[in-house]
Amino acid sequence: MALLQWLNLMGEAVFAVSGVLAAGRKRLDLLGVLVIATVTAVGGGTLRDLLLDRHPIFWFGEGEHLVVIAGAAILTVIYVSFRRPPDRSLVVADALGMALFTIVGTQIALAEELPAVIAVIMGVITGVAGGVIRDVLTAEIPMILRQGHLYATAAITGSALYVVLVAAGVPGPVPVVVGMGAIVLLRFVSISFGMRLPSLVVTDSTPDEGER
Amino acid sequence: MALLQWLNLMGEAVFAVSGVLAAGRKRLDLLGVLVIATVTAVGGGTLRDLLLDRHPIFWFGEGEHLVVIAGAAILTVIYVSFRRPPDRSLVVADALGMALFTIVGTQIALAEELPAVIAVIMGVITGVAGGVIRDVLTAEIPMILRQGHLYATAAITGSALYVVLVAAGVPGPVPVVVGMGAIVLLRFVSISFGMRLPSLVVTDSTPDEGER
Amino acid sequence: MALLQWLNLMGEAVFAVSGVLAAGRKRLDLLGVLVIATVTAVGGGTLRDLLLDRHPIFWFGEGEHLVVIAGAAILTVIYVSFRRPPDRSLVVADALGMALFTIVGTQIALAEELPAVIAVIMGVITGVAGGVIRDVLTAEIPMILRQGHLYATAAITGSALYVVLVAAGVPGPVPVVVGMGAIVLLRFVSISFGMRLPSLVVTDSTPDEGER
């Protein structure tokens, strides 16, 4: 349980960083940046808790979540006020947060004795929802949608690996490390080398109703 | 109850098809397509269950939902890999799914002994939310918003007809058929012949704050 | 409690007005306008009730909410059919609704004995979520994001003032008036005079993956 909580806090920190970077591109004011960072960091876990009927929502009772999020956000604001963030820092922060939250979400769903396939779905929802909310609020195309790179695929693969290793009785933190590692690796390889799955291409000749 | 479940599965299948078509236009990879199809298919019912405090969410315990969704999505992927989808297939799939889910949602709300007007609202939410999520995730203008065709109007009319017929004691599947038929008919007539309600036009002379 | 309920109904009315104005700019048909008005008016409170596990959702059992929303929406439709709405009416309606709902949400969270900082967050969520949903559904950049004006900052300030005054034992409606007044004042001053907090500016030299 301790490991789970550390992973969760780390996920919140890196998602808060990604929220600050995304909001900074839109020149939000400082409290607006904090709001986006918080929503990004708690969004996935909040949706998971709602779906699993876990109340109170995880960040209500435990102050450390908001402390970690505010700390990570403020340090990021200070950093980017003095130096340009490293290249691709937003997608890297998003990839780390997505990997952490996907595994945490899968773990929690398994602990609720849900079937394996539901646990994978719950892991993916936990992993990607915060980033989707961040992208919708900052009026960006959701990262899960940007073409040409593995995103949902990475989350599903890592979560499924985790479930299989747990079911096989692999002990200790091994399933966590393998699951998260697979997600991060797939994302990074995909971003760096343009690796991708075949994509579906649908072409319509006729416009839909009302398209402007 | 059996009829309700069949309608629900049919709605999931056609919404999954609409999700594949929408995702395919954006050239998502294959697992990304599956994610969009699933979210579109279960989104409305999930929001309904959350609002009605029905736990576990309907697709957690029953494997057939995910089987139907994956099956419909995969068949659609195979189809569109070989042939161009028929004209307007996306709006037709959306119209069928919206009709099915609106009636299912209304029925469930009535079974929870909610007032008639709340049941209609819950039906509309169930019917349209999945499509809205699909359109937001694929960065399209939500179909409910595209100007010049009946959408919310069709859902409200069909749901209200269903409630009235049930209240009047009309037996068997008649209210279901009439309610769904009204929705599909209004959508299709509206799409084909451009039938529409008077629309509201608000013109502002002054730009809002911060509009870019 | 009576005061709380009046504030809530007033918030619903002005948010319904803002929904009609936003939908009218997109030339939705009349029932579509009603749907947007309703979702805007109940969105923030619904999300708050879901997060706090308050069931049934506040507008299920009490018919006055839908009556007020429909009334405000219909009067607005009639008004704008004959006259152009006053300048900035949308942002003014949004500011009033946001102020009302932020204080109501904070008050409800405090009544649930949540910590002060969580109560502020819950207030902000209640205050801004309806407007965010309205802006996403009408394909506008969320107002909370539009650069150069205080939005989240106004909500956080007013909610925190309210919490401090309540904790200090200030009696009667004073905390409500001060909290709401602060929000409305900050929004109006910001809109009229361009007052703003320093904003974060993040510049990246490298494009992200898949940006088109």
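What share of the contacts in chain A with a separation of 6 or more comes from residues 24 or more positions apart? Such residues account for 72% of those contacts, where two residues are in contact if their C-beta atoms, placed from the backbone, lie within 7 Å.

The model shown in these views is predicted, so local features are described only at pLDDT of at least 70 and side-chain atom pairs count only at pLDDT 80 or more, whereas totals for chains, interfaces and linings use all residues. Residues are numbered from 1 along each chain as its sequence is written, and chains are lettered from A and ligands numbered from 1 in the order in which they are written.

**View 1. Chain A as a whole.** Chain A holds eight helices and zero strands, and from the N terminus on its elements run α-α-α-α-α-α-α-α; helices (H or I, at least four residues) and strands (E, at least two) are DSSP runs, numbered from the N terminus. A compact globule of 212 residues would have a radius of gyration near 17 Å, and the 18 Å of chain A agrees with that; the radius is taken over C-alpha atoms, and the globule rule is 2.2 Å times the number of residues to the power 0.38. Taken along the principal axes, the box filled by the C-alpha atoms of chain A is roughly 50 × 50 × 35 Å. Of the 212 residues of this chain, 56% count as buried, a term for a residue with 20 or more other C-beta atoms within 10 Å of its own, while 12 or fewer make a residue exposed and counts in between make it partly exposed, with C-beta atoms placed from the backbone.

**View 2. The surroundings of A:Val42.** A:Val42 is found in helix H2 of chain A and is buried, because 23 other C-beta atoms lie within 10 Å. Leaving aside residues up to four places away in sequence, A:Val42 touches A:Glu12, A:Trp59 and A:His65. The C-alpha atoms of A:Val42 and A:Ala16 are separated by 8.9 Å, although these residues are 26 residues apart along the chain.

View 3. In chain A, the peptide bond from A:His55 to A:Pro56 is cis, with omega near -5 degrees, and A:Pro56 has its place in the loop between helix H2 (30-51) and helix H3 (58-61). In chain B, the peptide bond from B:His55 to B:Pro56 is cis, with omega near -10 degrees, and B:Pro56 lies in the loop between H2 and helix H3 (58-61) of chain B. The loop between H2 and H3 of chain B is also the place of B:Asp53, a residue other than glycine whose phi is positive, near 55 degrees. B:Asp53 is partly exposed, with 15 other C-beta atoms within 10 Å. In chain C, C:Asp53 sits in the loop between H2 and helix H3 (58-61) and has a positive phi of about 60 degrees although it is not a glycine. C:Asp53 counts as partly exposed, with 15 C-beta neighbours inside 10 Å.

**View 4. Helices H1 and H4 of chain C.** The axes of helix H1 (residues 2-25) and helix H4 (residues 64-82) of chain C come within 8 Å and cross at roughly 40 degrees; axes are lines fitted to C-alpha atoms, for helices over the stretch in contact, and angles run from 0 to 180 degrees between N-to-C directions. That angle makes H1(C) oblique to H4(C), since angles under 35 degrees count as roughly parallel, over 145 as roughly antiparallel, 65 to 115 as roughly perpendicular and the rest as oblique. Among the residues that meet are C:Leu9, C:Ala13 and C:Val17 in H1(C), and C:Val68, C:Ile69 and C:Ala72 in H4(C). By class, this contact of H1(C) with H4(C) has 11 nonpolar, three polar and two charged residues, where Ala, Val, Leu, Ile, Met, Phe, Trp, Tyr, Cys and Pro count as nonpolar, Asp, Glu, Lys and Arg as charged, and the others, Gly among them, as polar.

**View 5. The contact between chains B and A.** This contact takes 35 residues from chain B and 31 residues from chain A. On the side of chain B that touches chain A, H2(B) gives the most, with six residues. The residues of that side of chain B divide into 20 nonpolar, seven polar and eight charged.
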